[in-house]
Amino acid sequence: MTTVRPKKIHSIHLLRGVAIIMIVFSHCLGVFKNSHLIANSYLFSFLNLFAFNFTTFFVLIAGFLFQHLTYKYDVKGYYLSKFKTVVCPYISVSIFCFLYFHYQYLSKLPVFSLTEPSSSISIVKMMLTGTQLLPLWFMPMIIIIFAISPLLYKWSKKSLIIIGLVSMFWVVMFTKPDYKQPLLNLLHYGPVYLTGMMIKQNYEKIMKLVEDNLALVIFFFGLCLFIPFAYRYVDYFGVERLYYDTLQKIILFILALYFLDGLNHKNNEGGIYKFFSYLANVSFPIYFIHQIIVLFLEQQLVNSPFGYIIKTDNGQLASFGAISFLICTLTISIFIANTIKFIFKDKAKYLIGGNR
């Protein structure tokens with residue numbers, strides 16, 4: 001029997017570009033460290049809340065595409081591909097971090113010791129938790145998901161509707177843990193990955209359901225955005241123990257697929273599409289590089305006459321500063337990614353991840 005290759009879903013490609021922008025933006029907002037900013041500024045608070053946890057988009061996209069590409073799944077080829085494009089750049093970027101950010105600390109430790117902290121054990125711990133650089137917490141967790149792909153492949157052949165619905169309930173009850181705990185992050189984001197698979201498996205049904213109930217879906221998204229925003233300013237809201245950020249992004253993801261669905265039925269030549277498509281193509285290198293750039297730019301700002309801006313309690317100024325950081329970080333990250341690709345050609349994917 002001939003396997004039919006599914007058509008490309010352009011909306012998913014575009015959303016990868018959106019996701020990387022928002023992930024970088026959330027880290028740029030983090031540059032401004034005044035603890036009163038959120039209390040003093042609704043604008044900064046909203047941007048902080050909305051940009052937070054767009055990692056959910058990356059996980060949903062990964063699950064969606066896994067389900068989309070099951071027709072060509074081969075466990076050996078899949079593992080080899082992920083080793084080249086995920087594990088290798090994770091190792092190479094980590095080596096840079098150990099040398100640039102952690103060398104002073106590591107160099108003071110013995111290479112190996114059973115009785116006291118050692119550089120080798122510290123490096124292993126950081127690699128297993130992704131704590132050598134803030135965004136790298138994601139890597140141990142997603143590598144585990146890739147490792148269990150044979151199980152996910154078996155599930156992909158069964159109906160995932162119930163699993164998807166339970167997963168959306170689960171992420172509200174099981175709060176996103178500390179980023180230093182990859183196994184607990186797996187328990188939070190693993191269901192998100194399954195939700196992405198479920199959305200692809202039932203894509204047409206979900207798009208029709210959204211079309212028939214668009215106002216209700218938008219209302220639920222607004223509710224998931226409003227509740228955590230409101231209880232930042234209300235002493236007791238009654239829902240503090242629930243976690244809405246991941247569910248909020250899942251609903252936003254479904255809404256985005258609905259509104260962008262028209263892209264899947266035409267040739268896309270517009271400038272906006274090309275911009276986000278290009279960012280999607282370089283999203284993985286940007287993911288690995290951007291935090292290094294953010295830290296560099298932050299240090300330059302601290303040492304400049306405008307260093308006071310980082311501690312400002314003016315929300316508008318901090319928001320404008322974060323947007324400026326975003327533009328600079330993306331521009332420099334893309335330049336560095338293209339330079340590395342120009343020098344190392346196809347081998348660049350082993351250093352900073354490959355283009356899509």
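Analyst: Happy to. Helix α8 is mostly covered, with seven of its 10 residues buried. Keep in mind that this is a predicted model.

User: Which residues of α8 are buried, and what covers them?

Analyst: The buried ones are F138, M139, P140, M141, I142, I145 and F146. Their cover includes α4, α5, α7 (119-129), α9 (149-156), α11 (182-201) and α16.

User: Why is I310 called buried? And where is its place?

Analyst: I310 has a relative accessible area of 6%, and buried means under 20%, so I310 is buried. Its place is in the loop between α16 and α17. I310 and K33 are 277 residues apart in sequence, yet their C-alpha atoms are 6.4 Å apart in space.

User: What makes N53 stand out in its backbone, and is N53 buried or exposed?

Analyst: N53 has a positive phi of about 70° although it is not a glycine. Most residues other than glycine have a negative phi. N53 is found in the loop between α3 (42-51) and α4. With a relative accessible area of 4% against the cut-off of under 20%, N53 is buried.

User: And how do you know whether K345 is buried or exposed?

Analyst: Its relative accessible area is 52%, and exposed means over 50%, so K345 is exposed. K345 is found in the loop between α17 and α18. Its phi is near 55°, a positive value in a residue other than glycine.

User: What is the volume of the largest pocket, and what lines it?

Analyst: The volume is about 1,400 Å³. The lining of the largest pocket has 49 residues, with R16, L65, L69, K82 and R356 nearest its centre. By class, 25 are nonpolar, 12 polar and 12 charged. Helix α4 gives the largest share of this lining, seven residues.

User: How is the lining of the second largest pocket made up by class?

Analyst: That lining has 17 nonpolar, two polar and one charged residues. The volume of the second largest pocket is about 560 Å³. Of its 20 lining residues, L165, M168, L209, V217 and I254 lie nearest the centre. Two or more lining residues come from each of α10 (161-173), α12 (203-212), α13 (214-230) and α14 (245-259). The most come from α13, with six residues.

User: Where does the label "transmembrane region" come from?

Analyst: It comes from an unreviewed UniProt entry, whose list includes residues 214-234 and 317-340. In the model, residues 214-234 are 81% helix and 0% strand, with end C-alpha atoms 30 Å apart. Residues 317-340 are 100% helix and 0% strand, and their end C-alpha atoms lie 34 Å apart. The annotation itself may be inferred rather than shown by experiment.

Terms used. Residues numbered from 1 in each chain as written. Predicted model: local features only at pLDDT ≥ 70, side-chain atom pairs only at ≥ 80, totals over all residues. Heavy atoms only, no water. 1 Å grid on protein atoms, 1.4 Å probe; cavity = no way out; pocket = protein on both sides within 12 Å on 5 of 7 lines; lining within 4 Å. Points joined across faces, edges and corners; volume = space filled by probe spheres on them. Helix = DSSP H or I, 4+ residues; strand = E, 2+ residues; numbered from the N terminus. Nonpolar A, V, L, I, M, F, W, Y, C, P; charged D, E, K, R; others polar. Buried < 20%, exposed > 50% of the residue type's maximum accessible area, 1.4 Å probe, protein only. Contact = heavy atoms within 4.5 Å.
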